[in-house]
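Keep the structure open beside you as you read.

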Amino acid sequence: MKKDLRIGVHNSIEGGVCNAVFEAESLGTNTMQLFLHSPRTWQFKGISQDDARRFKVEVDERDIKPVIVHSSYLIHPLSENSDLLGKSKKLLSEELKYSDLITAEYYVIHIRGNKKHDLEVNTKNLFNFFRFLPEYKHVKLLLENSASGLTSNISNLVYIFNGVKEISVVGGICIDTAHLYQAGYDITKKEGIRKFLSELGDKNLVKLIHLNDSKTEVGSYIDKHEHIGVGRIGIDGFKTFFTYTNFHRLPIILETPRPSVEYDIKNLRAVKEDIFGVRISRGKGKYKR
Ligand SMILES: [Zn+2]
Ligand SMILES: [Zn+2]
């Protein structure tokens with residue numbers, strides 16, 4: 001069905017950023033996502049010039065593109081707490097700086113809304129939060145839809161995007177299929193996809209797909225990822241989703257559960273063979289974790 005599929009997983013940086021590239025290669029993937037450091041801590045020592053240079057060489061050699069960085073979970077641009085806001089600003093600018101240094105194309109972030117404010121005020125506050133960011137050579141920031149809260153609603157997400165898109169680093173939207181389903185868009189059916197697409201308006205805003213099956217039911221607002229084909233969306237659901245959206249032309253990243261690297265191999269196989277009907281040879285499996 002699709003020969004030029006760009007597909008990858010969230011790779012581990014254990015042992016250094018370059019290890020993520022070797023892991024991606026061993027899985028036979030041609031795009032990748034990574035954290036730059038532990039996503040649940042404020043500490044980030046940065047990446048040395050040498051490591052950044054090597055990373056770029058390894059990625060170029062293997063044509064693993066695009067490279068996507070996922071932001072830390074702690075960054076909260078709409079917090080009321082000035083201490084948290086200050087730390088968020090510092091960490092966001094550090095992560096963007098190093099994403100740009102390793103020539104990552106995208107940096108994905110979830111925006112938690114502030115319940116004290118409405119959509120308009122939250123959007124203005126986000127604009128003011130992002131405004132201090134400089135221009136970058138490579139990296140573009142993508143806003144991801146969530147399973148619950150402010151950005152689980154696609155109209156809200158688009159409204160927010162439109163409110164901050166003047167800022168040069170802001171580049172588009174990332175759609176997570178599990179979050180979409182959990183937020184009440186039944187993407188296994190034509191009507192659900194139509195609702196999603198009509199709220200989205202311009203399909204070109206979407207630059208990246210997080211492909212995850214959902215452990216929880218449609219409209220659960222509970223974020224639990226499941227292996228591809230095993231969850232509530234299922235293989236047929238994903239086929240329907242891609243048929244009506246054409247989003248298989250975009251880079252696809254799996255964030256499915258990862259008890260071991262074997263599960264990545266299984267999930268990649270499910271996507272390539274079962275969803276897209278691409279026959280693949282067995283992964284080389286050189287990489288051991
Ligand atoms: Zn995601
Ligand atoms: Zn999730």
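This is a predicted model: local features need pLDDT of at least 70, side-chain atom pairs count only at pLDDT 80 or more; totals for chains, interfaces and linings use all residues.

**Loop residues with positive phi**
- Asn246 sits in the loop between helix H8 (234-245) and strand E10 (252-254).
- Its phi is near 65 degrees, a positive value in a residue other than glycine.
- Asn246 counts as exposed because it has 9 C-beta neighbours inside 10 Å.
- Tyr221, in the loop between strand E8 (213-214) and strand E9 (225-226), also has a positive phi, about 60 degrees, and is not a glycine.
- Tyr221 has 14 C-beta neighbours inside 10 Å, so it counts as partly exposed.

**A pair of helices**
- The axes of helix H1 (residues 17-26) and helix H2 (residues 49-62) cross at roughly 15 degrees and come within 8 Å.
- That angle is why H1 is roughly parallel to H2.
- The crossing of H1 past H2 is left-handed.
- On the H1 side, Val17, Cys18, Val21 and Glu25 take part, meeting H2 residues that include Phe55 and Val59.
- Sorted by class, this contact has five nonpolar, five charged and no polar residues.

**A cis peptide bond**
- Lys65 and Pro66 are joined by a cis peptide bond, with omega about -5 degrees.
- Pro66 belongs to the loop between H2 and strand E3 (67-70).

**The nonpolar core**
- The largest nonpolar core has 72 residues, and Ile68, Tyr107 and Leu142 touch the most other members.
- Among the residues that Leu142 touches are Tyr107, Ile173 and Leu208.

Notes: Residues are numbered from 1 along each chain as its sequence is written. Chains are lettered from A and ligands numbered from 1 in the order in which they are written. Axes are lines fitted to C-alpha atoms, for helices over the stretch in contact, and angles run from 0 to 180 degrees between N-to-C directions. Helices (H or I, at least four residues) and strands (E, at least two) are DSSP runs, numbered from the N terminus. Angles under 35 degrees count as roughly parallel, over 145 as roughly antiparallel, 65 to 115 as roughly perpendicular and the rest as oblique. A crossing is left-handed if the near helix is turned anticlockwise from the far one by less than a right angle, and right-handed if clockwise. Two residues are in contact if their C-beta atoms, placed from the backbone, lie within 7 Å. Ala, Val, Leu, Ile, Met, Phe, Trp, Tyr, Cys and Pro count as nonpolar, Asp, Glu, Lys and Arg as charged, and the others, Gly among them, as polar. A nonpolar core is a set of buried Ala, Val, Leu, Ile, Met, Phe, Trp, Tyr and Cys residues joined through C-beta atoms within 7 Å. A residue is buried if 20 or more other C-beta atoms lie within 10 Å of its own, exposed if 12 or fewer, and partly exposed in between; C-beta atoms are placed from the backbone. Lists of a residue's contacts leave out its neighbours within four places in sequence.
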